[in-house]
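Dear colleague,

Please find below the structure that I am passing on to you.

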Amino acid sequence: MKSILVSMTVAAGLMVAGSAMAAEMPELAKKNNCVACHAIDHKVVGPAWMDVAKKYKGAKSYTFKGKEYPLVEGLMMKVSQGGSGNWGSAAMVPNDPAGKKQDQIKELVEFVLGLAK
């Protein structure tokens, strides 16, 4: 009986780990060179996107440069304009300072936040 429970526990753990790893880096992230600093499941230069998703799960707003915004809008500003301080001393480089790729930035922010579900 004990070995059956251990086997079931191990199997359940593998299923959870497999589902966490099931998400792949979207092509849009590769196209915009997000992969140079981020991975889904582990820290590279910047935080793992799963960690970002967990941090903001349930959040309704994000404060950017001292002003509070709705969560997606605020995170889009952070990705677009860059900055530091949220995840250590490494600065996030601006990814869309001219604001010409906001639809892509929004899609990526929503993908990251969706990892927490």
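A residue counts as buried when its relative accessible area is under 20%, as exposed when that area is over 50%, and as partly exposed in between. Q81 has a relative accessible area of 37% and is therefore partly exposed. Please note that this is a predicted model.

**Overall arrangement**

The chain contains 5 helices and 2 strands. Along the sequence, these elements follow the pattern α-α-α-β-β-α-α. The chain has 117 residues, of which 32% count as buried. Among contacts with a separation of 6 or more, 41% are between residues 24 or more positions apart.

Is helix α4 mostly covered or mostly open? It is mostly covered, with 8 of its 11 residues buried. The buried residues are L71, G74, L75, M76, M77, K78, V79 and S80. They pack against α3, β1, β2 and α5.

Q81, the partly exposed residue mentioned above, also belongs to helix α4. Leaving aside residues up to four places away in sequence, Q81 touches F64, K65 and P94. Q81 and F64 are 17 residues apart along the chain, and their C-alpha atoms are separated by 10.0 Å. With K65, the side chain of Q81 makes a side-chain polar contact of 3.4 Å. After α4 comes G82, which has a positive phi near 80 degrees.

Most residues other than glycine have a negative phi. Two residues here depart from that pattern.

K65, the polar partner of Q81, has a positive phi near 50 degrees and is not a glycine. K65 lies in the loop between β1 (61-64) and β2 (67-70). With a relative accessible area of 67%, K65 is exposed.

N33 is also not a glycine, and its phi is positive at about 65 degrees. N33 is placed in the loop between α2 (27-31) and α3 (49-56).

**The crossing of α3 and α5**

The axes of α3 and α5 come within 7 Å of each other and cross at roughly 80 degrees. Angles of 65 to 115 degrees count as roughly perpendicular, and the two helices are therefore roughly perpendicular to each other. On the α3 side, the contact is made by W49, V52, A53 and Y56. On the α5 side, the residues involved are L108, F111, V112 and L113.

D96 is found in the loop between α4 (71-81) and α5 (102-114). Which side chain of opposite charge is nearest to D96? It is K101, at 5.3 Å. A salt bridge requires a side-chain nitrogen of Lys or Arg within 4 Å of a carboxyl oxygen of Asp or Glu, so D96, although buried, has no salt bridge. The side chain of D96 does make a polar contact with the side chain of Q102, at 2.7 Å. Not counting residues up to four places away in sequence, D96 touches V79, S80, K101, Q102 and I105.

How many salt bridges does a search of the whole structure find? The search finds 1. K30 forms a salt bridge with E27, and the closest N and O atoms are 3.2 Å apart. The two residues are 3 places apart in helix α2, which means that about one helical turn separates them. An α-helix has 3.6 residues a turn, so residues three or four places apart point the same way. K30 is partly exposed, with a relative accessible area of 41%, whereas E27 counts as exposed at 57% relative accessibility.

**K57 and the end of the chain**

K57 lies in the loop between α3 and β1. Its relative accessibility is 59%, so K57 counts as exposed. The side chain of K57 reaches the backbone oxygen of A116 at 3.3 Å. K57 and K117 are 60 residues apart in sequence, while their C-alpha atoms are 8.3 Å apart in space.

With kind regards

Notes. Residues are numbered from 1 along each chain as its sequence is written. This is a predicted model: local features need pLDDT of at least 70, side-chain atom pairs count only at pLDDT 80 or more; totals for chains, interfaces and linings use all residues. Side-chain values use heavy atoms; hydrogens and water are left out. Helices (H or I, at least four residues) and strands (E, at least two) are DSSP runs, numbered from the N terminus. Buried means under 20% relative accessible area, exposed over 50%, partly exposed in between (1.4 Å probe, protein chains only). Lys and Arg count as positive and Asp and Glu as negative; His and the chain ends are not counted. A polar contact is a pair of N or O atoms within 3.5 Å; within protein, one must be able to donate a hydrogen and the other to accept it, and residues adjacent in sequence count only if both atoms are side-chain atoms. Contact means heavy atoms within 4.5 Å. Axes are lines fitted to C-alpha atoms, for helices over the stretch in contact, and angles run from 0 to 180 degrees between N-to-C directions. Angles under 35 degrees count as roughly parallel, over 145 as roughly antiparallel, 65 to 115 as roughly perpendicular and the rest as oblique.
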